[in-house]
Amino acid sequence: MFSFRQALSVFALLFLLSLSSAVTAAPKADLWPYWQTSNPNSATQVDHSAWQNLLNTYLLVAPEQTRFRYAAVSAKDKTSLNQYIAGLTSRDPRRLNRNEQFAYWVNLYNALTVKVILDHYPVSSITKLGGLFSFGPWDDKLVTIDGKKLSLNDIEHRILRPIWQDKRIHYVVNCASLGCPDLLPEVMHADRLNAQLDGAARRFINSPKGVDDQGGKVRLSSIYDWYQSDFGSLTDLQKHLNNYRKQPVTLTKPSYDYDWRLNEFR
């Protein structure tokens, strides 16, 4: 018979193993058909200026790493963020055209991520949030849109990835971590999506946290491992990376790494 202490140790080990599996087994793209509808004739433009004002005030862009000043956010600006999110979730995005929808979902995702951190700040990593058996808050139902409760994982893996099927999505959704592609200093704009997606891809792929080539020994972001289904084989991935790299990279047996520390500025 196990003693209570032994049973507790086994439980703790199984819990840690489950967290490890949660990191290495990223969610698959699984379409939520309800959100697939769009209105190609819509000329409605969603106002993201409140989110842009927050980025202008609290986001610090540096050559290799962008950080957010969570500790400095005023009560007034927290209210502004909440009002911006409430404004987005009060509308039905299915009535927008496709480009406006894409900007809507990415901006909402990033704003929600910042809100989650602010609601629990101070915290050392977003992975510390969520329920007892959760690795982060990504499955928490954070908003309700048109009567449907949505999580961050719903937005990324059930809406953005399956509907648009563009690998560059991984460069514009931010998980508040140092290893993640930088939080965009400019909100997504429906009329500039392609240029913004290319710009985000270029910045990450040419940064050490994206691709670190030390004399042929290549370390890649774990994003390329977790989402291999999006990026394809090593040959496909190499072609994708070199489309944006200043210096071409050759992939044979790359290693993978990711920094989950909070992307904060102190």
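## Helix packing and aromatic pairs

Trp 32, Tyr 34, Trp 35, Tyr 104 and Trp 105 make up one aromatic cluster. This is a predicted model, where local features need pLDDT of at least 70, side-chain atom pairs count only at pLDDT 80 or more, and totals for chains, interfaces and linings use all residues. Numbering runs from 1 along each chain as its sequence is written, and side-chain values use heavy atoms, with hydrogens and water left out.

**H4 against H5**

- Helix H4 (residues 98–120) and helix H5 (residues 152–164) have axes that come within 11 Å and cross at roughly 155 degrees; axes are lines fitted to C-alpha atoms over the stretch in contact, with angles from 0 to 180 degrees between N-to-C directions.
- H4 and H5 are therefore roughly antiparallel (angles over 145 degrees).
- On the contact list (heavy atoms within 4.5 Å), H4 residues including Phe 102, Trp 105 and Tyr 109 meet H5 residues including Ile 155, Ile 159 and Trp 164.

**Aromatic pairs**

- The count comes to 19 aromatic pairs, taking rings of Phe, Tyr and Trp (its six-membered ring) with centres within 6.5 Å; planes under 30 degrees apart are stacked, over 60 edge-to-face and the rest tilted.
- Phe 102 and Trp 164 have ring centres 5.3 Å apart and planes at 75 degrees, so that pair is edge-to-face.
- Phe 102 in H4 and Trp 164 in H5 sit 62 residues apart, so the pair links distant parts of the chain.
- Tyr 258 and Trp 260 form a tilted pair, at 4.6 Å centre to centre with 55 degrees between the planes.

**Burial**

- Phe 102 is buried at a relative accessible area of 2% (buried means under 20%, with a 1.4 Å probe and protein chains only).
- Tyr 258 is buried too, at 14%.

Terms used
Helices (H or I, at least four residues) and strands (E, at least two) are DSSP runs, numbered from the N terminus. Angles under 35 degrees count as roughly parallel, over 145 as roughly antiparallel, 65 to 115 as roughly perpendicular and the rest as oblique. Buried means under 20% relative accessible area, exposed over 50%, partly exposed in between (1.4 Å probe, protein chains only).
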